[in-house]
Amino acid sequence: MSTRKLRHTVVVISRDDALALDAADPIAHFRDRFHIPDPAVVYLDGNSLGMPPKRTLERLTEVYQHDWATGLIRSWEHWVDLPQRVGDQLAPLIGASPGEVVLHDNTTLCVYQAVHAALGLNDANANANATGTGNGSRPVIAISADDFPTDRYVVDGIAAATGRTVRHGFDRLDDVAVVVRSVIDYRTAELVDVAAETARAHAAGAVVVWDLSHAVGAIDIDLRACGVQLAVGCSYKYLNGGPGAPAWSYVASELHAVVRQPIWGWFATERQFEMGATFEPRPDIARMLLGTPSILALTAAEVGIALSAEAGMPAIHAKGTALTTLAIDLCDQYGLATPTPRDPARRGNHVAVQHPNAKAIVRELAARDVIFDFREPNIVRAGCSPLTTRFVDVFDGLSAVARLAAG
Ligand SMILES: Cc1ncc(COP(=O)(O)O)c(C=O)c1O
């Protein structure tokens, strides 16, 4: 669908057009698998917090009653490797192999570990390679000034603690140890060419940490084909894992033996229950773990991930593109400004609308059960979550924004 100008006739997108798109949507039925107390609510914020799958409540009750209440401590026998098992379920959604992904803690912590791991890899590369700085340590960590705050803060903190400087931007990489980048810009939805940018950084001698928080469960990405070594992301957005759902770390399998992370917890050690005198990192992805995992949170995340796996990333990505195309066409129809790329190959699953009164518009609409995100300084962010967002939600939401934007 697009707003077509045919000679002098402007084809206007109507609410019925959006309803027709819903009727033709091959994955529309997935919405029935979610608990939606009020279907009249227009929810365009699944990219901040995904909706709750119905099965989540059942699974949590099962684990509560069967595993916890009845099994008690004995249930740790099958709980103990749940972070890796759920990681194996997530792996195909991002083009990873089994054994390359583990769910744990939150994205902030995963970024912290991954950046340290990347610095260690870069040191090792520099020591083994005459193109290094000679002392085995490059002085710069590069990140965009527009990246999500937690990534920037963590990088600032690591740079301060390790005596490095932070450079905003990626033009110059020859002295960069580590590049930290989001695959999809949390404000504009711009999608980076992950394969090309990974190759460019590697050619310059830098190690890259990718943050897939806005990409996982949204776009069909193949980390292995893109040559990605280290990546992190969350599971509470498009994966519908629940509030505070565990994040995940991806480490390419060929690095498992050498990658080092800075927090030496007992879940990451060999022969964990021998309670040994010293830490010996496990030989696999579990070396990214820290301490006792949250079993209930992992249980909820597992259900959300399973739904995305069932629908399949190609179908999810295709619907995401169709939803954002409709949103951009509606922006054009209503004269709303958007910095979101028009090329579907260059964008993720949200659309940003710029308006000087964005904050007030988002607040006012939330009071009417039309839910967007506001992002500084002037963005109304419309998240299109393919498993739950209807085309008519996009139509109703953008139409409501347009009415308020017109004053
Ligand atoms: C790119 C990115 N990284 C990290 C986070 C959040 O980190 P955490 O899960 O630790 O709160 C977000 C949250 O929206 C994000 O968009």
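Modeller: Leaving aside neighbours within four places in sequence, V178 is in contact with V115, A118, L119, N122, I141, A206, V207 and V209, where contact requires C-beta atoms, placed from the backbone, within 7 Å. The model is a predicted one, in which local features need pLDDT of at least 70, side-chain atom pairs count only at pLDDT 80 or more, and totals for chains, interfaces and linings use all residues. Residues are numbered from 1 along each chain as its sequence is written.

V178 belongs to the largest nonpolar core, which has 117 residues; V115, V178, V209, A327 and V394 are those with the most contacts inside it. A nonpolar core is here a set of buried Ala, Val, Leu, Ile, Met, Phe, Trp, Tyr and Cys residues joined through C-beta atoms within 7 Å. A residue is buried if 20 or more other C-beta atoms lie within 10 Å of its own, exposed if 12 or fewer, and partly exposed in between, with C-beta atoms placed from the backbone. In soluble globular proteins, nonpolar side chains tend to be buried together.

The chain is divided into domain 1 (5–54 + 312–405) and domain 2 (80–310), with bounds that come from an automatic or database domain assignment. The C-alpha centres of domain 1 and domain 2 lie 30 Å apart. Across the boundary, 29 residues of domain 1 are in contact with 25 residues of domain 2. On the side of domain 1 that touches domain 2, α9 (313–334) and β11 (350–354) each supply at least two residues, and the largest share, five residues, comes from α9. Helices (H or I, at least four residues) and strands (E, at least two) are DSSP runs, numbered from the N terminus.

Helix α4 (residues 82–90) has L82, P83, V86, G87 and L90 as its buried residues. Seen down the axis of α4, these buried residues fall within an arc of 140°, so they line one face of the helix; the arc is that of the directions from the helix axis to the C-beta atoms. The buried residues of α4 pack against α3 (76–79), β4 (101–104), β10 (247–251) and α8 (295–311).

L72 is placed in the loop between α2 (54–70) and α3, and its phi is near 50°, a positive value in a residue other than glycine.

Definitions and conventions: Contact = placed C-beta atoms within 7 Å.
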